[in-house]
Amino acid sequence: MLFLLLIGLFVALVATFYARKLEELDSRNRDIFDIKQASDSNQEPSSVLFVTSHPDDECMFFGPTLNYLVKKNLTVHILCLSTGNYYGLGETRRVELLNSCLKLGITPSQVHQLDQFPDNLKDFWAEKEVAKTIDKFVNLTKAKAIFTFDERGVSCHPNHISACKGALAIKSSIPVFKLTTVNTIRKYIQILDILPSSTNAYLIVSGSRGYRSTYNAMLCHKSQLAWFRRLYMIFSRYMFINTWTKVERS
Ligand SMILES: [Zn+2]
């Protein structure tokens, strides 16, 4: 009985903390990533570039931040380095990515999907090639910042790690934000991860609307909706919380 009471108190504490973080985030006028918006309202909004490795990375890992930045009226571009063709489903997954991005408020003209890098569970991609490709899209999109994986790539997938290493090797001087990889326990405790995440300077938390948007985007990846991925959509902290490290570059 006492045990249940303690659990109830703990969950209530986390829920309160979570709600407060959401309110705090909503009340901040400026973009948490400090990306300069155009001062003249006639000018186009500033752009940012998300570098992902496979179709579905955008919503499996980056959903909270994508929703946040789209809501902030930034132009969000997705550079997906592979078609996710490991099981020969590249063409299907290309369409799934476009549909998923639409659910997140990102139009097809802002989605750039390449087939130059093979979807592969074992091999790393050539860092220089990845960097050169990212540089090309930074220039094309006039991006003010890059968002990508960190050196552990959330799941240690070599393609995710390659995206990070390529982004850190670019010639452009814009900042690179790396998505924090958390340990396996933290990865699956959903919003409870708000407690260990709360000290991060770049913390993004999704409310119910943001979560629904990410969830609906995930549903577009029909070819990937195995039972374990459906569990992921309910329990993963990345569906609710993103934390980042900023790498300044000169
Ligand atoms: Zn991936």
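What follows is a conversation about the predicted model shown above.

Visitor: Before we start, what is this model, and how are residues numbered?
Guide: This is a predicted model, in which local features need pLDDT of at least 70 and side-chain atom pairs count only at pLDDT 80 or more, while totals for chains, interfaces and linings use all residues. Residues are numbered from 1 along each chain as its sequence is written.

Visitor: How many helices and strands does the protein have?
Guide: The secondary structure comes to 11 helices and seven strands, where helices (H or I, at least four residues) and strands (E, at least two) are DSSP runs numbered from the N terminus.

Visitor: And how compact is the protein?
Guide: The radius of gyration, taken over C-alpha atoms, is 18 Å, close to the 18 Å that the globule rule (2.2 Å times the number of residues to the power 0.38) gives for 250 residues, so the protein is as compact as a globular protein of that length. Along its principal axes the C-alpha trace spans about 60 × 45 × 30 Å.

Visitor: What share of the residues is buried?
Guide: Of the 250 residues, 40% count as buried; a residue is buried if 20 or more other C-beta atoms lie within 10 Å of its own, exposed if 12 or fewer, and partly exposed in between, with C-beta atoms placed from the backbone.

Visitor: Let's turn to the sheet. What is the strand order?
Guide: The open sheet of seven strands has the order E3-E2-E1-E4-E5-E7-E6, with mixed pairing, and two strands are said to pair if DSSP finds at least two bridges between them. The edge strands, each pairing on one side only, are E3 (111-113) and E6. From one strand to the next the twist averages 25°.

Visitor: How does E7 pair with E5 and E6?
Guide: Strand E5 (residues 176-179) pairs with E7 (residues 241-247) in the antiparallel sense over four bridges, and there Lys178 stands opposite Thr245, while the bridge partner of Phe177 is Lys246. E6 (residues 203-205) is joined to E7 by three bridges, also running antiparallel, with Val205 opposite Ile241.

Visitor: Which helices lie on the sheet?
Guide: Among them is H4 (residues 90-103), which lies across E2 (75-80) and E3 and runs at about 160° to E3. H5 (residues 127-141) also packs on the sheet, touching E1 (47-52), E2, E3 and E4 (143-149), and its direction makes about 155° with that of E1. Axes here are lines fitted to C-alpha atoms, for helices over the stretch in contact, and angles run from 0 to 180 degrees between N-to-C directions.

Visitor: Which residues touch the most other members of the largest nonpolar core?
Guide: Val48, Val51 and Ile146 do, in a core of 57 residues; a nonpolar core is a set of buried Ala, Val, Leu, Ile, Met, Phe, Trp, Tyr and Cys residues joined through C-beta atoms within 7 Å. The largest share of this core, five residues, comes from E4.

Visitor: What is Val51 in contact with?
Guide: Leaving aside neighbours within four places in sequence, Val51 is in contact with Leu79, Leu81, Ile134, Ile146, Thr148, Ala163 and Ala167, where contact means that the C-beta atoms, placed from the backbone, lie within 7 Å.

Visitor: Why is H7 described as largely enclosed?
Guide: Nine of the 11 residues of H7 (residues 158-168) are buried, so this helix is largely enclosed by the rest of the structure. The buried residues, including His160, Cys164 and Lys165, pack against E1, H5, E4, H6 (153-156) and E5.

Visitor: How do H3 and H10 meet?
Guide: The axes of H3 (residues 63-71) and H10 (residues 208-219) come within 9 Å and cross at roughly 115°. Gly63, Pro64 and Asn67 of H3 make the contact with Gly210, Ser213, Thr214 and Ala217 of H10.

Key: Two residues are in contact if their C-beta atoms, placed from the backbone, lie within 7 Å.
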